[in-house]
Amino acid sequence: MTQNRDQGTLGDLVLKVRSKNAGPFWVTIDIFCDRPEVFARVRNTLSSATVAQLYQVPEQLLKRFDIDDLRVIKFSLPRPVIQGSAADRDMHGAQYAALLEEYPLT
Amino acid sequence: MPTRVLVPSGVLGLGFDRKALARGVAMRPDIICIDGGSTDSGPFSLGAGVSKYSRAATKSEWRTLMQARAQAGVPLVIGTAGTCGTDSTVDWMYEITVELARELGQSLKIARLYSSQPVARVADALADGRIDPLTPAPEIELDRLGNIVALAGAEHIQAALATGADIVIAGRTTDTATIAALPLSRGDAAGGAWHGAKIAECGALCSTNPTSGVIMVDFDQTGFTVEPMAETAACTPHSVSAHMLYENSDPFRLYEPGGYLDVTAARYSALDDRRVRVEGSSWVPGPYTVKLEGARIAGYQTTILAILRNQHYVANAQAWIDRLTAFLLAEIETRMGLTTADYQLEFRLIGASGALGSLENRTGDPVELGVLGIITARSQAEAGEIGKLINPFVLHYPLTDDEELPTFAFPYSPATTDRGALYEFALNHVMHLDDPMTAFRIELTEIGAEVPA
């Protein structure tokens with residue numbers, strides 16, 4: 001809306017970013033863009049390489065869906081650590097979203 | 001034949017709107033289906049073979065559903081009973097059902113569908129080349145596998161319903177199988193049956209008021225119509241289609257035993273301001289495989305929690321942890337003869353990187369920091385012993401040699417907590433079956449005053 005907001009984070013721009021387990025071995029992240037112009041902007045500026053780097057997974061394992069009808073961009077990736085393993089810190093995978101939410105979208 | 005399926009909520013134990021349920025029952029459904037679990041809370045339930053939900057919550061909600069079933073005069077089906085759907089949780093759910101039947105004075109035919117898999121069956125299938133890994137799949141270590149379940153499909157629920165059961169208590173099933181089973185057996189569109197089942201499996205999560213729970217789906221030869229039962233809720237084309245995103249790695253394709261659902265061509269349209277019609281989804285038949293879930297013990301844990309409030313220690317927390325850890329590893333080796341090949345010791349900084357660990361990319365200026373120490377060892381006794389050994393140092397260890405001994409805040413006495421076994425998921429595979437029923441079994445019981453036990 002304001003210039004300041006547009007220069008902010010992805011979370012400032014979109015309606016919602018959420019993440020959740022998709023089974024014990026995958027996590028899926030949905031970016032709800034709400035408005036078509038926001039969807040277009042996120043689709044054009046947020047690269048899969050950026051997301052792979054944020055979650056430290058090889059880019060070729062990342063699945064990306066740009067869903068026009070819903071104005072949603074969805075990423076699915078193998079969990080950085082398997083759900084419930086000794087190294088897991090987030091059983092439901094719902095806090096992974098914070099990394100994308102806070103990503104500065106320029 | 002059109003089939004009306006009432007779904008009281010996304011899972012038994014989470015609650016639902018009772019008025020909405022009554023409204024659903026009054027609309028004369030053909031069946032009532034509810035899910036009883038998932039892997040979403042982690043491997044403990046499957047590993048231990050116990051429900052994560054309390055018996056009291058389960059029993060009180062199941063009582064309401066058993067009354068609704070009696071009133072509607074149609075079958076009541078629960079899938080993945082007791083969170084993980086092992087044979088032990090099916091029997092737990094059966095006991096609750098028998099207790100309630102006595103309390104409510106109901107005579108019932110109850111079918112139990114068992115999904116647990118003996119290791120030997122998996123070993124045989126592996127040797128025969130009938131197990132395929134999914135991505136990513138852990139290495140199968142047969143001698144370490146504990147509880148294993150196979151996810152039953154619509155065929156298994158249909159077989160249980162064919163016994164004439166009033167109530168079906170199913171072990172592990174796919175999230176959708178209980179809902180899709182009856183529409184499929186009555187010849188409704190297969191694409192619509194699976195798609196509608198997926199939309200309804202989380203109850204009112206596909207509506208504008210997720211906590212209201214209750215959803216009705218009408219299946220027919222060309223698709224399905226979904227409607228929330230709470231008057232405060234509405235289904236919109238957006239709320240319904242967006243549900244395909246939820247906990248799904250691929251929002252267009254959903255694998256089930258015997259094929260997959262493809263919703264690429266699905267069309268969602270509003271019938272009015274609260275009902276949505278969906279057509280165009282397709283079912284693509286494939287080999288008959290069932291997904292396997294398994295758990296194994298990865299050690300035993302003891303934890304310790306300390307809170308740093310002193311700003312000198314808050315500012316230097318990671319350096320303190322690094323120095324403390326090096327000291328403790330040496331102490332544990334000297335005093336117990338154990339090396340890190342035998343156990344793991346990890347400290348996590350809550351308030352700095354507790355949730356994201358090495359992925360965390362922000363720093364802040366916290367008022368205080370929690371230090372969570374996690375010990376994973378080969379036995380509970382060993383983990384507990386390491387916990388006791390490190391306890392005084394976690395309390396008092398200084399940042400440098402030339403400063404006074406600090407004392408941090410411990411919220412508990414004793415400072416350590418034994419957590420028991422650490423389970424981990426050990427399978428992400430599918431098993432090919434020649435006949436869907438070979439890996440599952442059904443037991444039928446009649447209970448009631450006039451039928452001897």
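**View 1. An open sheet of ten strands in chain B**. In this predicted model, the strand order is β12-β13-β9-β8-β1-β2-β3-β7-β4-β20. The pairing is mixed. Strands β12 (267–270) and β20 (441–447) of chain B are the edges, and each pairs on one side only. From one strand to the next, the twist averages 20°. Strands of a sheet pair through backbone hydrogen bonds, either parallel or antiparallel.

**View 2. Strands β9 and β13 of chain B, an antiparallel pair**. Strand β9 of chain B covers residues 223–228, and strand β13 of chain B covers residues 276–279. Four bridges join them. Across the pair, B:T225 stands opposite B:R277 in β13(B).

**View 3. The crossing of helices α3 and α4 in chain B**. Helix α3 takes in residues 55–72 and helix α4 residues 87–104. Their axes come within 10 Å and cross at roughly 55°. The crossing of α3(B) and α4(B) is right-handed.

**View 4. Residues at the contact of α3(B) with α4(B)**. From α3(B) come B:R55, B:T58, B:K59, B:W62, B:R63, B:M66 and B:Q67. They meet B:I96, B:T97, B:L100 and B:L104 in α4(B). The contact residues divide into five nonpolar, three polar and three charged.

Methods. Residues are numbered from 1 along each chain as its sequence is written. Chains are lettered from A and ligands numbered from 1 in the order in which they are written. This is a predicted model: local features need pLDDT of at least 70, side-chain atom pairs count only at pLDDT 80 or more; totals for chains, interfaces and linings use all residues. Axes are lines fitted to C-alpha atoms, for helices over the stretch in contact, and angles run from 0 to 180 degrees between N-to-C directions. Helices (H or I, at least four residues) and strands (E, at least two) are DSSP runs, numbered from the N terminus. A crossing is left-handed if the near helix is turned anticlockwise from the far one by less than a right angle, and right-handed if clockwise. Two residues are in contact if their C-beta atoms, placed from the backbone, lie within 7 Å. Ala, Val, Leu, Ile, Met, Phe, Trp, Tyr, Cys and Pro count as nonpolar, Asp, Glu, Lys and Arg as charged, and the others, Gly among them, as polar. Two strands pair if DSSP finds at least two bridges between them.
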